[in-house]
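The sequence and the structure come first.

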Amino acid sequence: MIPDKETNIEKTNSQESKYGSFALFDMAHFLNRILKNWYWFIMMFIIGYTISWIYTKYYAQNIYASNLSLSVSNNAASYFTPNQSINFIWGQGGNQDGVYLKKMLLSRTHNEFLVKELGLYVNYSTKGVIKSTYLDKDDVPVLLEVDKNHLQQVEYPITLIPKGIDRFEVVLPEEGHSQTLYSYKTEGFNTIAPYDKPNNQVIRVGDWFTSHNLRFRLVKNPVTPKINLKNIIVTFSTVNNAVNDIVSTISIDFDKEINSIMIITKKGYNLNGTVNFLNKSVSQLQKKQQADKLIVDKNTNVYLQENLDKIRKKLDSSAYVLNYMKTTEKLYDIKDRDEKSLNKIKELEAKKADLESKIVSLNKIKGTVASQNYDKMISTTAAGFQDGVFSATVAELKDLYLKRREMALIYKPNSEPMVEINRLINEARTNSNLVLRNYYSDYLEEIGKINRKVMEANADLDTYPEKERKYLDAERGYNMIEATYNSLLSRQNETQLKIAGKQSDINVIDPAKNIGQSPIGPNIKAVKAGIIGGFLILPMLFIVVGVALDSKIRNIKELINATRIPLLGVIGNNTNETMLTVLDQPKSSVSEAFRGIRANMRFLSAGEGGSKIILVTSSIGGEGKTYVSINLASVLGLSDKKTILLGMDLRKPKIFGDFKIDNKYGISNYLTGEVEMSQIINKTRIPNLDVATSGPIPPNPSELLMSKKNISFIQDLKAMYDFIIIDSPPVGLVADSYELMKHSDINIYVVRHEYTEKYMLKMITEKYHNAETGNLGMVYNDYNTKQGYGYGYGYGYGYGYGYGYFDEDKNYKEPLLIRIRNKVREIFNKK
């Protein structure tokens, strides 16, 4: 749209600062680039889909999960002897036994026991043409028995190829045999002397394969596999790595409604492997618990029996004394006995005897911990308490002592690892003593209370004669020993019942089972979406970066909004071999666009009537300034207006070639006084169009163009012609055109599509809005009409004459998206 030149718009500073400023990111151009490069997106989609399909089909390893649920009876934790290395964090709520068991299932010691017991450091797999599949022991026909007395190379693939019944070829890699070998006996690495690659061998089931870096034999699998394998790949791992791999794939949760029910989940690449591990893990835990219970309870039973024997002797001695006093002293019938006080004393002293018995058991436990003689550990129930913290601390102490003995073979006593292990032992010992000390304090405090109550009750017996008091003391002694005996006997009965029961406190509700569970991972949809999305992002990134870094003018609407300079017209791409498009192709859309520019120029005219001096310039060379000048002059000449075209771009003459004019003499010669005006004005095949070429390139073009003679030359021509078209130098390179603009009536600034840099328009925009340059209009040149103008100027598709009107457009077929758009418009525009 060309605004009314007389309309005055008050501009604020903020508005002026925006003139000439383009958006950092051209969204329209971005979307257009995406549409133009649609085939790249389809290609990337096909590539991404193919790769994702191949990955999920041949490379992705399915991850399976199986579950096992069990219930934990009360006091399960209290039976575990310190044979487990567990770090505890107590005080997490009421389910102490469940938390203890969870820690045990995740403990290193328990899983290390399983790894060694079940040989889980031997891993089986098979390989097809492309994909490898992990196997469980039940899936292979033979198992590998490792010689633990021989050094073995870990992470070294051993391939077994069936060669008939019970015969297999052992195939080893061509490279990769190492001098650093692992010992399953010491669980450490050793270095041996260099050796040659072991040879492949065919061995039978039961035979040993021996080399410098391996020693194993094949054992027939008692379970008949359901699948036939063409090859079996076996790798050994260290015990430590096997334990870490297992622990990392186990998760344990408690039922939300019943917190004594645990749900154990094992993840792995083989479903049978996860099922077998869970069932074996819990089975081994149950066996271990029963064995531990037997050890503790048997130790406790022996300890209680020893104490019962001792108390029994004391009880017999006390009974003998009491009977003697009855028979000899005749004190069995004391008159006026205070039975109430005597019963109270008897009850208090029975409690005191029980507490003293518990203190004796505490001393036994304390001595066992101090002596590290854990095989003689008795149950804490013998001391009258069940404390998970104490059991956990003693378990940790046991493990730390074992570790210290192992480390002592490697490290010096004053080395940092030994100092640290000693610190941990002291810390655990302090924690265990602190627990026992708390119970000591409680028992002693309770005994003190009982002694005070006994003293109060004894005050009522002071009235008895000495002889009677002596009998009552003997009777009280007997009762106290009897109470101790009964207390120990009661605890022994409980212990014997536990031994007889031999039942685990861990009860499996639902064992792990292979019911054809679907893989839980990888997320195939997410993987496919990620791979395809990644490939689709690639062309998107290239386009985004290209658009972000692109500083060329590509959008007409953005150009107008940024410059606020009137747009006179849009020129399409020149398909003609010369620049004389209007003369050679008068019925083309490009020629019609120049006629539209001719019509729009009247809005920029400074006044009515008189000759019009039209100056055409641009930012730099190559933007079509001369092309616009020639064809605009041609349009004016063909409209019966006497017109002259002046080639005042003295540094780079062009006009003469297209009009086939000799450039020997031109404007530069006239301005230097070498020739007359008539000698530089040349006729063309258009009767009303003359041309004055630039002439030879002068050494001082700027001085010539700004000379008074040049201004007089233009004024003289003004009296002779209706229109004077000046092809001036680019304003982005030299300032000549700005001086000439002072004498022109209309100034045309040529911007070339996808060629002109945005920053080059900053200067002309500022001069225009600062009123330093007037009567200025823009011409958008070399626009590809197949893209559409997108603004409403010119004669693009869907506007004006439409395609098929011009000769050059007869065979043009609209793009599919444009045809769809026009069809939609046609439907919605129907009345």
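## Terms and basis

A residue is called buried when its relative accessible area is under 20%, exposed when it is over 50%, and partly exposed in between (1.4 Å probe, protein chains only). The model is predicted: local features need pLDDT of at least 70, side-chain atom pairs count only at pLDDT 80 or more, and totals for chains, interfaces and linings use all residues. Residues are numbered from 1 along each chain as its sequence is written, and side-chain values use heavy atoms, with hydrogens and water left out.

## The chain as a whole

The protein chain has 24 helices and 23 strands. These elements are DSSP runs numbered from the N terminus, with helices (H or I) of at least four residues and strands (E) of at least two. Of the 831 residues, 46% count as buried. The accessible surface is about 43500 Å², and carbon and sulfur atoms contribute 52% of that surface; the areas come from the Shrake-Rupley method with a 1.4 Å probe, and for residues only the protein chains shown count as cover. Among contacts (heavy atoms within 4.5 Å) with a separation of 6 or more, 78% join residues 24 or more positions apart.

## Confidence

pLDDT is the predictor's confidence in each residue, from 0 to 100. Its mean over the protein chain is 81, and 84% of the residues reach 70 or more. Residues 1-10 stay under 50, and the model gives them 17 contacts beyond four places in sequence. Residues 788-810 are also below 50; this stretch has 51 contacts beyond near neighbours in sequence.

## Helix α23 and its flanks

Helix α23 spans residues 761-769, and its buried residues are L761, I764, T765 and H769. Viewed down the axis of α23, these buried residues fall within an arc of 125°, so they line one face of the helix. The arc is taken from the directions from the helix axis to the C-beta atoms.

Several residues around α23 have positive phi. A771, which follows α23, has a phi near 60°. E754 is in the loop between β22 and α23; its phi is positive, about 60°, although E754 is not a glycine. E754 is partly exposed, at 30% relative accessible area. In the loop between α23 and β23, N775 has a positive phi near 50° and is likewise a residue other than glycine. N775 is partly exposed, with a relative accessible area of 23%.

## Helices α15 and α16

Helix α15 (residues 589-600) packs on helix α16 (residues 625-638) at an angle of about 75°, and the axes are 9 Å apart. That angle makes the two helices, α15 and α16, roughly perpendicular. Axes here are lines fitted to C-alpha atoms, for helices over the stretch in contact, and angles run from 0 to 180 degrees between N-to-C directions. Angles under 35 degrees count as roughly parallel, over 145 as roughly antiparallel, 65 to 115 as roughly perpendicular and the rest as oblique. From α15 the contact uses V590, F594, R595, I597 and R598, and from α16 it uses Y627, V628, N631, L632, V635 and L636.

T626 also belongs to α16. With 6% relative accessibility, T626 is buried. Beyond residues up to four places away in sequence, T626 touches M579, K654, I655 and D727.

## Selected positions elsewhere

I726 sits in strand β21 (residues 723-727) and is buried at 1% relative accessibility. Apart from neighbours within four places in sequence, I726 contacts I613, I614, L615, V616, S629, L646, M648, I714 and L740. Its C-alpha atom is 8.7 Å from that of D649, 77 residues away along the chain.

N574 is in the loop between β16 (567-572) and α14 (581-584) and is partly exposed at 25% relative accessibility. Outside four places in sequence, N574 contacts M579, T581, Y627 and D782. N574 and N784 are 210 residues apart in sequence, with 9.4 Å between their C-alpha atoms. V171, in strand β6 (residues 167-171), is partly exposed at 22% relative accessible area. The contacts of V171 beyond four places in sequence are P157, I158, T159, I161 and N200.
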